[in-house]
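Keep the sequence and the 3D view open while reading.

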Amino acid sequence: METLESGPYTLAYLDTAPDDGRRREIIDGGLFVTPSPSRIHQRAVVQLGTKLNIACPAGFEVLVAPFDYRPTSKRSVQPDVLVCTPDEVGSKHARKPLALAVEILSPSTKMLDLLLKRGVYEQAGVQSYWILDPDAESLTVLELVDAVYVERDVVTGEKVFEAALPFPVQIVPSELFRER
């Protein structure tokens, strides 16, 4: 992950940034630029996005990065997978609290996902935040209770997670990372 020092950066910068395949996120004026994700990361995005999309009821929409979530005028992040309602989605980004944000840990973004983005999602009122760790083949599930994330479950390997939020779906962490 590359953090550029000059700034502060604004959301207007994102609208004019070059399309060079790197992910750009702004949190309170700081610009975070990350390289393209690995194969295992993208495999998990596709597998989880597909599972969520199949289970997705009317009134929700499943999207994957790069798609901006802009909860404030100073923050733009791109969850790896997100669930929102169609009325939350503008032509270029979502603004209202998401039903679900998912981050898949990578060596270059681990601290950003576990600390900074967790705080962004929590402060924005994102109902559920899932963290997938390819190295541990684990899924950590956080849910908002009284405006604070509470760890609901940590599921590893072949164990089945029975999600209730944002809608019922079964997730087996190891299946998300497995080659076909």
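Start with Glu 175. The model is predicted, and in it Glu 175 has a relative accessibility of 34%, so this residue counts as partly exposed. Its salt-bridge partner is Lys 51, with 4.0 Å between the closest N and O atoms. The two residues lie in distant parts of the chain: Glu 175 belongs to helix H4 (residues 173–177) and Lys 51 to helix H2 (residues 39–55), 124 residues apart. Lys 51 is also partly exposed, because its relative accessible area is 29%, and the range for that class lies between 20% and 50%.

In total, the structure holds 10 salt bridges. Another of them joins Lys 117 to Asp 113, where the closest N and O atoms are 3.9 Å apart. Here both partners sit in helix H3 (residues 110–124); they are 4 residues apart, so about one helical turn separates Lys 117 from Asp 113. Lys 117 and Asp 113 are both buried.

A further pair is Glu 143 and Arg 152, whose side chains meet in a salt bridge with an N to O distance of 3.9 Å. The two ends fall into separate accessibility classes. Glu 143 has a relative accessible area of 13% and is therefore buried, since the cut-off for buried is under 20%. Arg 152, at 40%, is partly exposed.

Some salt bridges share partners, and these join Glu 25, Glu 103, Asp 113 and Lys 117 into one network.

Key. Residues are numbered from 1 along each chain as its sequence is written. This is a predicted model: local features need pLDDT of at least 70, side-chain atom pairs count only at pLDDT 80 or more; totals for chains, interfaces and linings use all residues. Side-chain values use heavy atoms; hydrogens and water are left out. Buried means under 20% relative accessible area, exposed over 50%, partly exposed in between (1.4 Å probe, protein chains only).
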